[in-house]
Amino acid sequence: MKYLFIGNRFSVLEAMLQNNLSVAHILTPPDSYLVPELTERDIPFTFVSSKKEAVAIIEAASFDVLVSN
């Protein structure tokens, strides 16, 4: 299964990664607490600055499970 993660805190994403889940996409707002963690760990992600932008990305993405945190 492929997961799409959208949120701004690292703890849930960290648990997903530790359990070797296939996280296909990570979406986060630019001012998120998540950004420094992702940058430090060199984990790719996409900034989303509006709900409209997030919905467009979600509609175009290929995933099985959406995790909103």
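**Strands, helices and a few side chains**

Biologist: In what sense do strand 2 and strand 3 pair, and over how many bridges?

Modeller: Strand 2 pairs with strand 3 (residues 46-47) in the parallel sense, over two bridges. Two strands count as paired if DSSP finds at least two bridges between them. Helices (H or I, at least four residues) and strands (E, at least two) are DSSP runs, numbered from the N terminus.

Biologist: What kind of model is this, and how are residues numbered?

Modeller: This is a predicted model, where local features need pLDDT of at least 70 and side-chain atom pairs count only at pLDDT 80 or more, while totals for chains, interfaces and linings use all residues. Residues are numbered from 1 along each chain as its sequence is written, and side-chain values use heavy atoms, leaving out hydrogens and water.

Biologist: How many bridges join strand 1 to strand 2?

Modeller: Five, between residues 2-6 and residues 22-28, running parallel. From strand 1 the chain passes through helix 1 (residues 10-18) to strand 2, in a right-handed β-α-β crossover. Right-handed means that, with the strands pointing away from the viewer, the path from the first strand over the helix to the second runs clockwise.

Biologist: Which handedness does the unit of strand 2, helix 2 and strand 3 have?

Modeller: That β-α-β unit is right-handed, with helix 2 spanning residues 34-40.

Biologist: Now helix 1. Which residues are buried?

Modeller: Phe10, Leu13 and Met16. Buried means under 20% relative accessible area, exposed over 50%, partly exposed in between (1.4 Å probe, protein chains only). Seen down the axis of helix 1, its buried residues fall within an arc of 125 degrees, so they line one face. The arc is that of the directions from the helix axis to the C-beta atoms. On the other side of helix 1, Ser11 and Gln18 are exposed.

Biologist: What do the buried residues of helix 1 pack against?

Modeller: Strand 1, strand 2, helix 2 and strand 4 (65-68). Contact means heavy atoms within 4.5 Å.

Biologist: Thr28 next. Buried or exposed?

Modeller: Thr28 is buried, at 0% relative accessible area. Thr28 lies in strand 2 and stands opposite Phe47 in strand 3.

Biologist: Which backbone oxygen does the Thr28 side chain reach?

Modeller: That of Gly7, at 2.8 Å. A polar contact is a pair of N or O atoms within 3.5 Å; within protein, one must be able to donate a hydrogen and the other to accept it, and residues adjacent in sequence count only if both atoms are side-chain atoms. Leaving aside residues up to four places away in sequence, Thr28 touches several residues, including Leu34, Val35 and Phe45.

Biologist: How many salt bridges does the structure hold?

Modeller: One. Arg41 meets Glu37 through their side chains (3.1 Å, N to O). The cut-off is a side-chain nitrogen of Lys or Arg within 4 Å of a carboxyl oxygen of Asp or Glu. Arg41 is partly exposed at 41% relative accessibility, and Glu37 is partly exposed at 26%.

Biologist: Last one. Where are Asn20 and Asp42 found?

Modeller: Asn20 is in the loop between helix 1 and strand 2. Asp42 is in the loop between helix 2 and strand 3. Asn20 is not a glycine, yet has a positive phi of about 55 degrees. Asp42 is not a glycine either, and its phi is positive, about 55 degrees. Asn20 is exposed, at 69% relative accessible area. Asp42 is exposed, at 69%.
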